[in-house]
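Subject: Structure handover and notes

Dear colleague,

I am passing on the structure below, followed by an account of what was found in it. Please read the notes with the model open beside them.

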Amino acid sequence: MSFRHLISIALLAAGALTAQEQTAQGQAAPDQAAQIETAAPKAEFTVEPGVKIPLNLINSVSTKHSLEGDRVYLETAFPILAGGRIVIPVGSYVAGTVTQIQKPGRIKGRGEIYVRFDTLTLPNGVTRDFRSRMGTMDASSTGKLDRTEGRVESEGDKLGDARTVAETTAAGASVGSIAGVASKSVGMGLGIGAGAGAAAGLIAILAMRGPDAILAKGSTVEMILDRPLKFNEDDLNFGNYQAPRMATPMMQPEQAKSGLPGPLRK
């Protein structure tokens, strides 16, 4: 084999190696880009503990009809933002539990409802667990709220008790006066009748329980978060979801901490 042939073979081999290296580099470039893209951290959005989330009750809860362990179903009433992004849209679902029920007593003791909020489900099905309590409730519910424990306590009915005694006393006095006229002893009949009426009123009060504590369907309460809720870009993909119309502007978490306008009360 001549020297010229050897040089031609060497040049062909070098060209083939160069082409293989270029092909390998071309294939590696997309793989490296994919690895870099995969490794890039996704943006995170956090709703901090202490943020108040307004909720509308889907079902009612009361010391009269509810039992320990009953579920409470609610919807978010206003959107919550974090980092300039809606993270909890209007219409997200919250599920809670009645953890304790105490019915109002006949002589003393008020009705009490303890409610715990357990889970939040976004419109796309993303769910977060927590153990949060109630912060405020509106005037359509009956009772008063202990915010430190998330307990709704029924109100006393001293005015109603006094009215019952007064009405039965007056009725008894009327009957007694009629009997006194018949027996020609009006004063004695009046006194006996009044005493009997008052006794009947007290018996009626002892036979009846006090007012119930009620969280009415459709009423608004606030949930106070007990832990941070973290979401990333994938969690916040709501597709074509259309939130219900609302009359109140969207709130940042720092605004939600300071409370809401409207008829919410402690």
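In which strand is Ser132 found? Ser132 belongs to strand S9, where helices (H or I, at least four residues) and strands (E, at least two) are DSSP runs, numbered from the N terminus.

Before going further, please keep in mind that this is a predicted model, in which local features need pLDDT of at least 70 and side-chain atom pairs count only at pLDDT 80 or more, while totals for chains, interfaces and linings use all residues. Residues are numbered from 1 along each chain as its sequence is written, and side-chain values use heavy atoms, with hydrogens and water left out.

The chain as a whole

The chain holds four helices and 15 strands. Of its 266 residues, 34% count as buried, a word that here stands for under 20% relative accessible area, with exposed meaning over 50% and partly exposed lying in between (1.4 Å probe, protein chains only). If one takes the contacts (heavy atoms within 4.5 Å) between residues at least 6 apart in sequence, 70% of them join residues at least 24 apart.

Strand S9 and its partners

Strand S8 (residues 112-121) and strand S9 (residues 127-138) pair in the antiparallel sense over four bridges, two strands being paired if DSSP finds at least two bridges between them. Within this pairing, Thr119 has Asp129 in S9 as its bridge partner. The hairpin of S8 and S9 has five residues between the strands, and in that hairpin Gly125 takes a positive phi near 95 degrees. S9 is also joined by four bridges to strand S13 (residues 220-224), again in an antiparallel run, and there Thr136 stands opposite Glu222 in S13.

To return to Ser132, this residue is buried, with a relative accessible area of 2%. Leaving out residues up to four places away in sequence, Ser132 touches Arg116, Phe117, Met223, Ile224, Leu225 and Asp226. Ser132 and Gly50, although 82 residues apart in sequence, are 9.5 Å apart in space, C-alpha to C-alpha.

The nonpolar core

A nonpolar core is taken to be a set of buried Ala, Val, Leu, Ile, Met, Phe, Trp, Tyr and Cys residues joined through side-chain atoms within 4.5 Å. The largest such core has 35 residues, of which Val47, Ile88, Phe117, Met134, Leu215, Val221 and Phe231 touch the most other members. The largest share of this core, four residues, comes from S8.

A search of the whole structure finds 11 salt bridges, each being a side-chain nitrogen of Lys or Arg within 4 Å of a carboxyl oxygen of Asp or Glu. Asp118 forms one of them with Arg71, the closest N and O atoms being 3.0 Å apart. Asp118 lies in strand S8 and Arg71 in strand S4 (residues 71-76), so this pair ties together parts that are 47 residues apart in sequence. Asp118 is buried, at 5% relative accessible area, whereas Arg71 counts as partly exposed at 35%.

The side chain of Asp118 also meets that of Arg131 in a salt bridge (3.9 Å, N to O). This pair links Arg131 in strand S9 to Asp118 in strand S8, 13 residues apart, and Arg131 counts as partly exposed at 45% relative accessibility. Arg71, Arg116, Asp118 and Arg131 are linked in a network of salt bridges.

Elsewhere, the side chains of Glu149 and Arg151 meet in a salt bridge (3.0 Å, N to O); Glu149 is partly exposed at 42% relative accessibility, while Arg151 is buried at 14%.

Ile58, Tyr73 and Tyr93 make a nonpolar surface patch of about 300 Å². Patches are made of residues with over 30% relative accessible area and no salt bridge, like charges being joined within 9 Å and nonpolar side chains (Val, Leu, Ile, Met, Phe, Trp, Tyr) within 5 Å. Tyr93 has its place in strand S7 (residues 93-102) and counts as partly exposed, at 46% relative accessibility.

With kind regards

Definitions and conventions
Areas by Shrake-Rupley, 256 points an atom, 1.4 Å probe, with all protein chains shown as cover.
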